[in-house]
Amino acid sequence: MTDISALKANLDGIKVEDDPRIVRKKSRDFFWYSPILKEQLDAVTGDLLVSPKNVDEVIRVLKVCYAADIPVTARGAGTGNYGQAMPLSGGVVLDLSEMDAVKDIKPSVVVTEPGAVMADIDAQTIPRTGHALRIHPSTYRIATIGGFLAGGAAGVGSVNWGGLRDLGNVIRLRMVTMEAEPQVLELTGSDVQKAIHAYGTTGIITEIEVPLTEAYDWIDVLVGFDDFINAIRFSEELANMDGLLTKNIATIEAPLPHDYFLRHKKFIRKEQSVVVLMVAAFAMGALDGLLSRSPGAEMLYRSDSATAEDITHLPPAYELTWNHTTLRGLSVDPSITYLQVRYPDVKPLETIGKLQSIFAEELPGHLEFIRYNGGLVPIGLPIVRFTDKTRLDEIIKRHEALGCTIFNPHRYTLEEGGMKQIDPVLLAFKRQTDPKGLLNPGKMIAWEHPDYKFDSDQGFLFPGLQRS
Ligand code: FAD
């Protein structure tokens, strides 16, 4: 049991909050996307919310908590989908959102504090350098860059730049360790992977350096198709067109776009599958050319010819994609959930077609095109019309039998979700940076159960460091 009064006294001068309602609110994320996690994690809460303003305060908090054996779980904006930022063992919720400075802007690189919101970073870099972040989640307008690096995977821009798993997308991280005397470490090169998608279990990120890419004028586009497979073929062809610059290509099966995209509904017929695009303004003529030779393609909406009212009231196209598609679905039908699927490298469209005929309306399709291991692939975020856990497990098994890898969004540990492979290199690093295992406890099975045996064939999105 955490002695809150003693802890508060030891943190004197640092902003803390112990109102149980506020602490509980700040102990939650978007775990409720999953009916399984909703049941498992609903009661989780921390004991104290602590909001440091600078690295010295972070060091002080970690030192005090280390001495008193108090767990510390980092939090950015709390938009993770798998309970990443939820303090399973209580203790301190370390809110990094007030450390939000953009510290340095170079022509193609930005240095920030972890709590900087990604849209706010671009709002500073674009006017000064004409450059913007390479990749951001669809939660661009609210999520922090520290939370994205420690808890996210890929997103808008991944069609050009791959994901956080790809070396080069993060240049440097500064991190504070959880020791008697916390140290400040600099991670560069492939070492950044020791903190990326590690849910803050190996240290608290306090400074981030990432590369930027040229910022273009992006046009939001919706293209309709009466046939989902034609929509996928169009998306795939567009993704592979080397000269036609896009920032995001999402393919969403009917009737989801009509039923879920409430503010865009007026443009979409119920039977239309929709490809949601961000296209460079100068490439719109080329897109028209592609549309004119794509069977069944119908231009439904383009922001460069939208009315002033639509420009003001419609959400940006990226907020129809990635996990915003699921969020919009949940607001219409709270009983749905979703999966995350990597299709086989060979003939993925064939597998997608087979899955469609097996599951039909139970699993309406949602694909995002990304660069993966050097090629362009569709990854799946299908909506699942959820009935029960047994059926969900069956659906997963049918996918696996067809050669798909599931990155299971219904698990809160790093390993079970198939997201991050924990290997001896990472465990040795954690022994150094968090010897008592106080950082976000319960999220790394290999730490708590070193003998836990994983299926050796399991694919991981972030492979072990020994192999990378
Ligand atoms: P949080 O949820 O607060 O934290 C995420 C993880 O990082 C937690 O484990 C936390 O402990 C850890 N953490 C936070 N800050 C630090 C720090 N300074 N040091 C160490 N650890 C830290 N994800 C994607 O990858 N791509 C998407 O396109 C995407 N779309 C989404 C759409 C919706 C509608 C929703 C709800 C979620 C989506 N997500 C997506 C998940 C999530 O929004 C992103 O990963 C987001 O970047 C997380 O940032 P955050 O600030 O909310 O982090």
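Which exposed residues does the face of α5 turned away from its buried side carry? They are Ala123 and Pro127. This is a predicted model, in which local features need pLDDT of at least 70, side-chain atom pairs count only at pLDDT 80 or more, and totals for chains, interfaces and linings use all residues. Residues are numbered from 1 along each chain as its sequence is written. Helices (H or I, at least four residues) and strands (E, at least two) are DSSP runs numbered from the N terminus. A residue counts as buried if 20 or more other C-beta atoms lie within 10 Å of its own, exposed if 12 or fewer, and partly exposed in between, with C-beta atoms placed from the backbone.

**Domains and their contact**

- The protein chain divides into domain 1 (1-215 + 416-468) and domain 2 (218-406), with bounds from an automatic or database domain assignment.
- The centres of domain 1 and domain 2, taken over C-alpha atoms, are separated by 29 Å.
- Domain 1 puts 20 residues into the contact and domain 2 puts in 25 residues; two residues are in contact if their C-beta atoms, placed from the backbone, lie within 7 Å.
- On the side of domain 1 that touches domain 2, the elements giving two or more residues are α3 (35-41) and α7 (158-161).
- The most on that side of domain 1 comes from α7, with 4 residues.
- The residues of this side of domain 1 comprise 9 nonpolar, 11 polar and no charged. Here Ala, Val, Leu, Ile, Met, Phe, Trp, Tyr, Cys and Pro count as nonpolar, Asp, Glu, Lys and Arg as charged, and the others, Gly among them, as polar.

**Shell around the ligand**

- There are 38 residues around the ligand, of which Gly76, Gly147, Gly151, Gly152 and Gly200 come nearest; a residue is near a molecule or strand if its C-beta atom, placed from the backbone, lies within 6 Å of it.
- Two or more residues of the shell come from each of β3 (72-75), α6 (145-151), β10 (204-214) and α12 (322-332).
- α6 supplies the largest share of the shell, 5 residues.
- By class, the shell holds 17 nonpolar, 19 polar and 2 charged residues.
- Domain 1 and domain 2 each give at least three residues to the shell.

**Helix α5 (residues 118-129)**

- The 12 residues of α5 should span 16 Å at 1.5 Å a residue, and the end C-alpha atoms are 16 Å apart, which agrees; the expected span is 1.5 Å times one less than the number of residues.
- Met118, Ile121 and Thr125 are the buried residues of α5.
- They lie on the same side of α5 because they cover an arc of only 55° around the axis, the arc being that of the directions from the helix axis to the C-beta atoms.
- The cover over the buried residues of α5 includes β5 (102-106), β6 (109-112), β7 (131-133), α6 and β10.
- Gly130 follows α5 and has a positive phi, near 70°.

**Helix α4 (residues 55-67)**

- α4 has 13 residues and reaches 18 Å from its first C-alpha to its last, close to the 18 Å expected at 1.5 Å a residue.
- Val58, Val61, Leu62, Cys65 and Tyr66 are buried in α4.
- Their arc around the axis is only 130°, which puts them on the same side of α4.
- Asp56 and Ala67 are exposed on the other side of α4.
- Among the elements covering the buried residues of α4 are β2 (48-51), β3, β4 (92-95), β8 (172-176) and β10.
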